[in-house]
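Please look over the sequence and the model below before reading on. The paragraphs that follow go through it one region at a time.

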Amino acid sequence: MTAVDTPVVPWTGVVGRPLPRVEAAAKVTGAIAYADDLQLPGMLFCKLLRSPHPHARVVSVDTTAARAMRGVVAVLTGHDLPTKYGIMPTCEDEQALEHEKVRFVGDPVAAVAAVDEETALAACRAIQVEYQPLAAVESIEDALAPPDGEPLHDYAGPGNVHRLAALEFGDVEAGFARADHVREDVFFFEGNTHLPMEQHSATAQASDGQVTLWSSTQNPHYVHRALAKVLGLPMGSVRVVAAPLGGGFGGKCDPFSHEIAVCKLALVTGRPVKCTLTREEVFYTHRGRHPTLMWVRTGVDREGHILAMHFRSVLDGGAYGSYGPASMLYTGALQPTTYRIPAYRFEGARVFTSKAPCGPKRGHGTPQPRFALEVHLDKIAEELGIDPVTLRRRNYVEPFTRTVNWLRVTSCGLQQITDRVLDASGYARRRRRLGHGMGFAVSSYMCGAGLSIYWNTLPHSQCVVTAGRGGVTVFCGATDIGQGSDSMLATVAAEELGLQPGAIRLVTGDTGLTPVDLGSYSSRVTFMAGNAAREAAAKLRQLLVEAVAEAEGRSPEQVQVRDARIGSLGFEEAVALAEERFGTLATHGSYTPPAGIGGRYKGAGVGPSPAYSYSAAVVELDADPVTGEIDVHKVWLAHDIGRAINELAVRGQVEGGVCMGLGEALMEAQAYRHGLVKQPSMLDYKSLTFLEMPDVETILVETVDPEGPYGAKEVGQGPLLPVIPAVVSAVHDALGVWVDEVPVTPDKVLRALEARARGRDARYGPKSFPVVPYPPLVKVAPPDAAAPTL
Amino acid sequence: MEFLAPTSWDEALAVKAEHPEAEVIAGGTDVMVDLNFDRRRPAMLVDLTRIADLATWQIDGSVLTIGAGVTYARIIDELSTLAPGLAIASRTVGSPQIRNRGTIGGNLGSASPAGDAHPPLLATKATVEVASARGSRSVPVEKFFTGAKRHVLAPDELIAAVTVPVAAGPQQFAKVGTRNAMVIAVTSFALALDPHAHAVGTGIGSAAPTPIRAEEAERVLAGELAAADQWEHRRPLDDHLVDHFARLSAEAAAPIDDVRGTAAYRRHALAVLARRTLSWAWSEYQRN
């Protein structure tokens with residue numbers, strides 16, 4: 001054997017290579033089974049009866065006629081499922097079916113299981129519900145006013161205010177006093193929705209008091225908890241399997257009425273029950289981007305160094321809590337992760353309105369303040385006569401520092417992504433002419449929330465890897481929502497074991513079979529499940545290496561693992577040898593974010609992350625000075641990915657983020673008229689088509705994060721963020737007017753031009769910020785700048 | 001639901017005479033949307049796509065007759081010289097799939113104020129050929145629309161064809177919308193210049209309960225062009241005349257605020273579209 005003399009080199013046959021996704025063939029051939037593809041023998045179909053009122057007391061629900069219909073097997077009302085739940089323990093304000101009052105058009109009040117969908121629908125129509133309408137709460141202004149009658153909820157308050165926060169880090173007033181220049185701006189970001197291609201679908205089967213749910217969910221673990229609670233079953237009697245998802249984007253993160261209803265109906269009828277939402281119902285289910293009104297005041301010195309910032313937000317939360325308290329805190333949390341802000345005050349509020357509940361959408365709570373902050377800095381730069389890029393560079397945070405709100409920043413490629421995106425786009429050399437513009441913006445995002453949604457001491461992700469005659473299997477609770485989670489797990493295991501990703505079998509997102517992973521949200525999967533999988537696979541590798549080394553009489557350090565070989569043995573031979581030596585081969589790994597990555601104040605749970613990704617965008621567009629129409633030609637997006645585990649998948653996420661960002665910037669709006677969603681269809685809800693999607697040039701910058709798996713950071717959410725302010729900035733570059741309200745529609749561009757023509761402020765946007773009953777400030781001492789930060 | 005698929009025109013007329021309540025379907029790009037949304041549940045559908053004659057067009061002298069079943073895709077491919085305004089408008093319809101299915105007759109039958117074929121048909125003074133088992137009649141397109149999604153057809157009548165004069169001069173069409181594909185126009189404008197007849201034709205979409213002409217704008221522009229002997233000299237148009245034409249075009253509209261846009265924006269955009277289409281059309285006329 002000559003292998004003894006070969007130096008051992010790390011196997012890099014997999015990580016960093018642009019490999020097709022492991023499920024690609026199944027997806028393009030249509031072989032993959034999404035939740036709605038599941039068919040079980042004797043299956044019943046469920047439809048939900050939904051409220052036609054934005055806010056009403058439910059006086060009575062008469063299901064007699066529906067129950068008597070041929071083909072109807074069971075009918076449920078709120079009395080059958082009275083336990084309240086909600087994703088966040090502090091606002092468990094939802095019921096699967098409301099029997100006391102409804103809070104938005106589309107709020108479910110009854111569920112029917114019948115032999116087919118048509119019969120279930122007919123039975124829903126036969127249910128008599130007597131409502132006593134109450135005053136609707138249609139806007140932030142409505143919600144801040146004293147309630148006309150009863151508020152939507154009897155918790156929280158005052159009135160329809162859901163949650164408030166007021167935090168101050170450092171001496172903000174002193175900062176403003178020292179400033180050479182202080183500027184205030186008001187911005188509005190309209191709500192929009194996720195628009196996944198796949199509608200939500202759930203199927204339940206029950207026997208012997210045990211229930212299994214297959215669902216299009218991003219978070220099987222949180223659904224598992226909610227089901228156990230609402231159904232009154234031990235967690236061991238409930239199993240949740242996450243089906244492959246046709247898009248999530250945050251819209252499938254909450255436990256939903258239809259998921260609970262099918263479980264209960266399956267338990268009641270003893271037959272499998274399926275519920276697939278219609279596209280219209282997906283718009284009611286929502287949990288999308290919060291409409292957000294923002295006010296920001298910043299003090300700078302003559303060179304544009306930020307001395308103090310005061311940021312206020314008020315979020316239109318819709319009818320229920322959902323992730324709302326977190327969404328609200330996120331509107332204030334990440335500003336200091338891109339810019340050094342020595343003194344920072346954040347006041348946030350979330351209000352209830354009688355509209356579909358808002359929740360997490362790609363970028364969760366941060367696209368709104370990012371839009372406001374970046375445009376605000378552009379305006380400051382313009383006033384000071386400083387180039388907007390230069391102004392930003394003077395304020396960029398440095399790698400391995402701590403922000404004023406105690407967030408630990410590690411790898412940070414802000415300067416590199418700025419250099420690269422400017423070089424590629426020619427932004428600095430752009431030719432100025434009316435109607436043509438370029439805009440620049442940067443952003444950052446978390447690689448997984450530092451804390452779980454509910455308090456627990458579980459690792460955030462856990463993985464088991466087994467090897468035997470059946471090959472290598474990775475068991476992990478992580479859920480592939482289309483972002484490439486499965487490919488990532490397979491790649492990590494393959495890298496450690498010297499295999500190719502296709503050789504790895506995956507069992508994921510199944511609470512009955514896989515250890516807990518908290519779910520596919522907050523861009524946490526690659527960082528957290530990736531680290532867990534790496535630990536588990538490395539342990540297995542160690543067993544294989546030890547067995548082979550022992551058999552060959554070499555030291556483990558001399559055994560190479562690559563190309564499906566362990567030392568001189570083929571992988572399967574090595575597995576057989578190790579199994580003989582150690583017994584069943586099963587190793588585990590887990591990941592918990594390090595302690596001390598955030599502060600210790602109330603509200604400090606939102607913002608900390610083991611690492612932050614950074615993105616920079618340049619948008620080039622034409623803006624028609626007479627019609628206000630915007631035609632985006634190209635977007636350059638430089639992203640600090642840490643390290644690309646799969647470059648192809650990373651580029652896909654960047655392009656998807658740019659597409660979604662442009663949709664939000666230019667046209668998407670979940671708007672209401674008298675409590676009714678105005679555009680509840682794919683035709684009426686406008687998002688980008690192929691025709692509007694510009695060229696995207698993706699530039700990946702690898703800063704190799706010290707804690708990410710192989711140095712990797714997130715890409716699922718970050719690249720959306722800078723696109724929106726860059727569009728606004730480019731419109732200003734083209735026409736000289738500011739549109740301080742997203743989406744930037746032709747109508748608003750024209751109104752800004754008209755305002756300028758009339759000698760008024762050359763902008764379109766909210767005129768003022770309302771009076772919000774923010775609580776007294778909680779003053780938090782900033783980290784000691786002199787002390788070591790890590 | 002009963003589904004009838006007559007294979008000849010006479011058979012179709014007989015079916016419609018016998019079942020005047022039956023819903024007519026051609027490409028299905030409007031009817032199927034309504035069925036999917038449960039906006040209507042007709043007891044009977046009459047499919048006209050199997051009548052081969054309906055999907056043909058022919059020229060008789062200077063008159064172009066386009067069968068009701070001719071699709072947008074074929075108008076783009078085959079009629080861009082004979083009916084350029086209609087072809088330009090057809091290019092802006094929906095997506096390739098919609099253009100392959102949607103027909104000119106179907107567009108008229110739906111009678112949406114936003115129908116993309118309507119403004120160029122108004123601008124070229126088209127005639128809708130209507131038939132029933134009782135006989136046939138010709139309806140000038142501007143008399144065809146009676147309200148939002150309403151038209152003059154009797155319950156037993158079908159649209160056989162549309163006749164338009166073969167284009168004698170430049171024609172243009174423009175629309176604005178939230179995006180470029182798969183969109184219902186926020187507002188649209190069509191213009192047809194006829195140097196032989198010294199005539200100006202216009203059509204406005206999505207800015208009134210029905211598609212309409214801007215008659216005053218047509219009259220003023222035609223009058224000024226004739227007075228200055230512009231048809232002969234082809235000099236650049238006076239800016240004031242273009243602005244005046246644009247203003248009169250916008251004033252002809254009666255727009256509303258809705259999901260797609262505000263009345264104020266529609267009126268503003270209409271003036272812009274009128275100005276642009278006139279500039280494009282006149283440049284083309286000057287070149288040729």
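In this predicted model, E23(B) stands opposite L45(B), a residue of strand 3 of chain B. That pair belongs to a stretch where strand 2 of chain B and strand 3 (residues 44–47) of chain B run parallel and are joined by three bridges. The sheet they belong to is open and has three strands, ordered 1-3-2 in chain B, with parallel pairing. Strand 1 (2–4) and strand 2 (23–25) of chain B are at the edges and have a single partner strand each, so one side of each has no neighbour in the sheet. From one strand to the next, the twist averages 25 degrees.

Helix 1 of chain B packs on these strands. Its buried residues contact strand 1, strand 2 and strand 3 of chain B, and also strand 6 (127–132) and strand 10 (158–165) of chain B. In helix 1 (residues 9–18) of chain B, the buried residues are W9(B), A12(B), L13(B), V15(B) and K16(B). Because they cover an arc of only 160 degrees around the axis, they lie on the same side of helix 1 of chain B. An α-helix has 3.6 residues a turn, so residues three or four places apart point the same way. The face of helix 1 of chain B turned away from the buried side carries the exposed residues D10(B) and E18(B).

Next come the nonpolar cores. The largest has 151 residues, and those with the most contacts inside it are F371(A), F440(A), L621(A), I630(A) and V727(A). Helix 12 (residues 263–287) of chain B supplies the largest share of this core, 10 residues. Beyond its neighbours within four places in sequence, V727(A) is in contact with V619(A), L621(A), L662(A), A665(A) and L666(A). Another core, of 48 residues, lies apart from the largest one; among its members are C447(A), V465(A), A467(A) and L585(A).

The last stop is a loop residue. T479(A) is found in the loop that connects strand 20 (471–476) and helix 13 (485–497) of chain A. Is T479(A) buried or exposed? Its relative accessibility is 2%, and buried means under 20%, so T479(A) counts as buried. Not counting residues up to four places away in sequence, T479(A) touches T217(A), Q218(A), P220(A), A242(A), S485(A), G509(A) and S520(A). The side chain of T479(A) also reaches the backbone oxygen of G477(A), at 3.3 Å.

How values were computed. Residues are numbered from 1 along each chain as its sequence is written. Chains are lettered from A and ligands numbered from 1 in the order in which they are written. This is a predicted model: local features need pLDDT of at least 70, side-chain atom pairs count only at pLDDT 80 or more; totals for chains, interfaces and linings use all residues. Side-chain values use heavy atoms; hydrogens and water are left out. Two strands pair if DSSP finds at least two bridges between them. Helices (H or I, at least four residues) and strands (E, at least two) are DSSP runs, numbered from the N terminus. Axes are lines fitted to C-alpha atoms, for helices over the stretch in contact, and angles run from 0 to 180 degrees between N-to-C directions. A nonpolar core is a set of buried Ala, Val, Leu, Ile, Met, Phe, Trp, Tyr and Cys residues joined through side-chain atoms within 4.5 Å. Buried means under 20% relative accessible area, exposed over 50%, partly exposed in between (1.4 Å probe, protein chains only). Contact means heavy atoms within 4.5 Å. A polar contact is a pair of N or O atoms within 3.5 Å; within protein, one must be able to donate a hydrogen and the other to accept it, and residues adjacent in sequence count only if both atoms are side-chain atoms. The arc is that of the directions from the helix axis to the C-beta atoms.
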